[in-house]
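Please look over the sequence and the structure before reading the points below.

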Amino acid sequence: MLPFSVVLLLLCATPRPTASVALPFEQKGLLDFGKSIDVEGLMMMMMNDEEEGSAVEEYYKPEQPTCPFGCQCNQNVVQCSDLGLHYVPYDIPPETRLLDLQSNQITEIREGDFKGLSNLYALVLVNNKISRVHPRAFMPLKRMHKLYFSHNQLTAVPKNLPSSLVELRIHDNHIKRVASGAFSGLGSMNCIEMGRNPIQNSGFEPGAFDGLKLTFLRISEAKLTGIPKDLPEGLHELHLDHNQIQAIELEDLRQYESLHRLGLGHNHIRHIEHGSLYYLQNLRELHLDNNRIPNVPGGLAGMKYLQVVYLHSNNISQVDVNDFCPNGFGVKKTYYNGISLFDNPINYWEVVPATFRCVSNRMAVQFGNHKK
């Protein structure tokens, strides 16, 4: 057991619906590390990757000869968190697989800071004061899969990231612009978390995401006024909640046919152009809560796999019988298990029971609690 604790926030015909004290559905399956990383959980991920053969070839495991002063070293894990460090320490054992430097006072990453650490799998730099990264700092890290750089003072995506990188988290920095080719050469990357940066739509240069085959992208709590263009086409999850997006236009989602989960809650959306959701035929979960939408978006009834729809806290005053469920049988492949409509000016007793004929059970529909 590691000697300190940290937190990991882990990323089907019904009768007439009855009023209930409705609470929001909890969004599950989304990792958000906050200001601390669960190093034990990270170790388990590393071990699983190695067992599955996805963490590259075998590496040399000599006896651990040294440990930086004040740090704790155990089983190729070096923990140097909460030590008030101003620089990456010297004498890090070359066989280190996980290096934990979170919650220090580090202001820059220098060229030789990771020299000799070719076996490193994960690097945790969360909650420091890093504003400068030498362009050759990550050159020795030939096998690194995970880089956690959230809660720092970066103004740009670090250059020359390791080509082996699978996961990058740069949440809560000062990044305003992502340059063309910023992620070039990162063909193994499948997850980027870059929310809570003061970035606007114009901050993404053309080609910013070229070469990436992401499945997960989160740009929440930024300054976006629309859905960004030219994001990776193979995305399974796209989270753009807590921005300033005002509308969904016809072409905004055209290229994201693989999406399973789309997060657009807590924006300023008033208008969803008819047909905008047509392309999302594989969508399972749609978050449109806490916007200013006046009606149930068109196209939901034709989405065969959609299971959860968050529409609470909007301006919806009417729900029609075919808003959610298609006409006829054999069209909808999966039943809904969650539709949230509470905190909308809807007279729920006027809603026709057949409206929810393709919902798993009566408890899956939530009304009530409208704030006038």
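**Cysteines and disulfides**

Cys-71 counts as buried, because its relative accessibility is 12% and buried means under 20%. The model is a predicted one. It holds three disulfides, and Cys-71 takes part in one of them, with Cys-80 as its partner.

**The link of Cys-71 and Cys-80**
- The sulfur atoms of Cys-71 and Cys-80 lie 2.1 Å apart.
- This link is right-handed, with 115 degrees about the S-S bond.
- Cys-80 has 0% relative accessibility and therefore counts as buried.

**The link of Cys-67 and Cys-73**
- Cys-67 and Cys-73 are joined by a disulfide whose sulfur atoms are 2.0 Å apart.
- The angle about the S-S bond is 85 degrees, and the link is right-handed.
- Cys-67 is partly exposed, because its relative accessibility is 32% and partly exposed covers values between the buried limit of 20% and the exposed limit of 50%.
- Cys-73 is also partly exposed, at a relative accessible area of 22%.

**The link of Cys-325 and Cys-358**
- A disulfide joins Cys-325 to Cys-358, with 2.0 Å between the sulfur atoms.
- The link is left-handed, with -90 degrees about the S-S bond.
- The pair connects distant parts of the chain, 33 residues apart: Cys-325 sits in the loop between strands E16 (308-310) and E17 (338-340), and Cys-358 in the loop between E17 and strand E18 (365-366).
- Both Cys-325 and Cys-358 are buried.

**Pairing order and another cysteine**
- With the bonded cysteines numbered in sequence order, the pairing reads 1-3, 2-4, 5-6.
- Cys-191 has a relative accessible area of 8% and so is buried.

Notes. Residues are numbered from 1 along each chain as its sequence is written. This is a predicted model: local features need pLDDT of at least 70, side-chain atom pairs count only at pLDDT 80 or more; totals for chains, interfaces and linings use all residues. Side-chain values use heavy atoms; hydrogens and water are left out. A disulfide is a pair of cysteine sulfur atoms within 2.5 Å. Buried means under 20% relative accessible area, exposed over 50%, partly exposed in between (1.4 Å probe, protein chains only). Helices (H or I, at least four residues) and strands (E, at least two) are DSSP runs, numbered from the N terminus.
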